[in-house]
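Here is a friendly set of notes to read with the model open beside you. Take the points one at a time and find each place on screen as you go.

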Amino acid sequence: MAEAAEAFGPTHPEIREQVARLCCDFPGDYWRELDRARAYPQAFVEALTAAGYLALLIPEAYGGSGLGLGAAAAVLEEVHRAGCNGAACHAQMYTMGTLLRHGSEVQKQAYLPEIAAGRLRLQAFGVTEPGSGTDTTAIRTTAKRDGNRYRVNGQKVWTSRAEHSDLMLLLARTTPRDRVERRTEGLSVFLLDMRDALDKGLTIRPIRTMINHATTEVFFDDLEIPADSLIGEEGLGFRYILSGMNAERILIAAECIGDARWFIDKAAAYAGERRVFGRPIGQNQGVQFPIARAFAATEAAALMVRKAAALFEAGQDCGAEANMAKLLAADASWQAADTCLQTHGGFGFAEDYDIERKFRETRLYQVAPISTNLILSYLAEHVLGLPRSY
Ligand SMILES: Cc1cc2nc3c(=O)[nH]c(=O)nc-3n(C[C@H](O)[C@H](O)[C@H](O)COP(=O)(O)OP(=O)(O)OC[C@H]3O[C@@H](n4cnc5c(N)ncnc54)[C@H](O)[C@@H]3O)c2cc1C
């Protein structure tokens, strides 16, 4: 019995408790104000940084806590469960792996202790481009070697947090697509120090969206960067970011679980309190069942998130599980969001309840960082062996 509880109960209970406590200082009105102004949650990010959560995955030798992805997932789930939003800073957790696994010792020594101490932020991940969409290998941003430098030209879109980050993990093509055997070859990853680049060929323009996400478009106009910004070997960048993408899917899935639990708690509480026709609305099965269904979907998705994180931590292949975790958790959070809104009737639309804000925020995860269709296509073609559609 105790073993079963340990196997399926919440992981990292102490971290969860501490995060929940920290989040109490950032209640709904804090997020509502920011949402109206489309402003960055500076104080919240500073609090997470000071508590060491954003350095969780950095090995102790470089000043971090040296914990695994499961701990990071626990942090982000609790952030979202408390009604907060980790999107302002979650990228530091999933971009970190590329630097840890493929960066040189010199790069790690130069950046990791500074990131761990909160003096540097690695929050921007420049992959998506307007012309390529989900087809990452079709990106057109190039980095051409020129002596001891690279010249970067092109454009990224949806590069979130670029204005609030010192560093960007940038994917660019170093060998033209028609000169490589496979389209996944010839791409490289750079650790771009944006502090040296602004006004020297790097331009960042914010994009106003339906959520407060600090997302931007980024332009590279003959930007010169030192050759030692390259991470690992030239041409292997696609491979390097793939495992980072699994981490990203698992962490976003954990956020979705947190969102789903927040919506379910709210819905259940309101259904128990709100009286219409002389009785609580939650006494009607038409109100109860959607909440119960969302709860069941969330618990099932949470198990898959946990499995994917465990496989990732063990260094095992987790492509299928990371994708399924993201799919199931994003579906569960969206189901819970819709149910919560419906349970609240008209009041669900009032800003003061925070539901409409969280509803908008969790909707993103049907699209980013990978859309539902593309996950289904991965499962169908790569896991089930169905014919390739693209
Ligand atoms: C708020 C926000 C923040 C983001 N932050 C970042 C970031 O920090 N860094 C970054 O690099 N990117 C970021 N993204 C980009 C995000 O990863 C992409 O939007 C997402 O991967 C989808 O790509 P796309 O928008 O180009 O859609 P497209 O690829 O143009 O696809 C459009 C639609 O068509 C569907 N579709 C496309 N091809 C197929 C197919 N073969 N079969 C079936 N359906 C298909 C898709 O599922 C999707 O619904 C962000 C996006 C948003 C909205």
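1. A word on terms before we start: the domain bounds used here come from an automatic or database domain assignment. The model itself is predicted. With those bounds, the protein splits into domain 1 (2-116), domain 2 (122-236) and domain 3 (239-383).

2. Let us look at two of these domains together. The centres of domain 2 and domain 3, taken over C-alpha atoms, are separated by 31 Å. Their contact involves 9 residues from domain 2 and 8 residues from domain 3. On the domain 2 side, the residues that touch domain 3 comprise 7 nonpolar, 2 polar and no charged ones.

3. Now find the ligand. Around the ligand there are 23 residues, and the closest are Val127, Gly133, Thr134, Trp158 and Ser371. Domain 2 and domain 3 each contribute at least three residues to this shell. By class, the shell has 10 nonpolar and 13 polar residues, with no charged ones.

4. Which elements supply at least two residues each of the shell around the ligand? They are strand E1 (122-126) and helix H12. Of the contributors, H12 gives the most, with 3 residues.

5. The loop between helix H11 (355-363) and helix H12 (372-383) holds Pro369. The peptide bond that joins Ala368 to Pro369 is cis, with omega about -5 degrees.

6. Next, please find the nonpolar core. The largest one has 116 residues, and Ile250 and Val305 are those with the most contacts inside it. Helix H8 (residues 237-273) gives the most to this core, with 19 residues. In soluble globular proteins, nonpolar side chains tend to be buried together.

7. Setting aside neighbours within four places in sequence, Ile250 is in contact with Leu69, Ala73, Val305, Ala308, Ala309, Phe312, Ala322 and Ala325. Val305, one of these partners, is also named among the residues with the most contacts inside the core.

8. His12 is not a glycine, yet its phi is positive, near 45 degrees. You will find His12 in the loop between helix H1 (2-8) and helix H2 (13-23). Phe277 is not a glycine either, and its phi is positive too, at about 55 degrees. Phe277 sits in the loop between strand E9 (275-276) and strand E10 (279-280).

9. Are these two residues buried, partly exposed or exposed? His12 counts as partly exposed because 19 other C-beta atoms lie within 10 Å, and a residue needs 20 or more to be buried. Phe277 has 8 C-beta neighbours inside 10 Å, so it counts as exposed; the cut-off for that class is 12 or fewer.

10. Finally, look at Val180, in the loop between strand E4 (167-173) and strand E5 (187-193). Val180 has 16 C-beta neighbours inside 10 Å, so it is partly exposed. Not counting residues up to four places away in sequence, Val180 touches Thr175, Glu185 and Gly186. Val180 and Gly235 are 55 residues apart in sequence, while their C-alpha atoms are 9.5 Å apart in space.

Technical notes. Residues are numbered from 1 along each chain as its sequence is written. This is a predicted model: local features need pLDDT of at least 70, side-chain atom pairs count only at pLDDT 80 or more; totals for chains, interfaces and linings use all residues. Helices (H or I, at least four residues) and strands (E, at least two) are DSSP runs, numbered from the N terminus. A residue is near a molecule or strand if its C-beta atom, placed from the backbone, lies within 6 Å of it. Ala, Val, Leu, Ile, Met, Phe, Trp, Tyr, Cys and Pro count as nonpolar, Asp, Glu, Lys and Arg as charged, and the others, Gly among them, as polar. Two residues are in contact if their C-beta atoms, placed from the backbone, lie within 7 Å. A nonpolar core is a set of buried Ala, Val, Leu, Ile, Met, Phe, Trp, Tyr and Cys residues joined through C-beta atoms within 7 Å.
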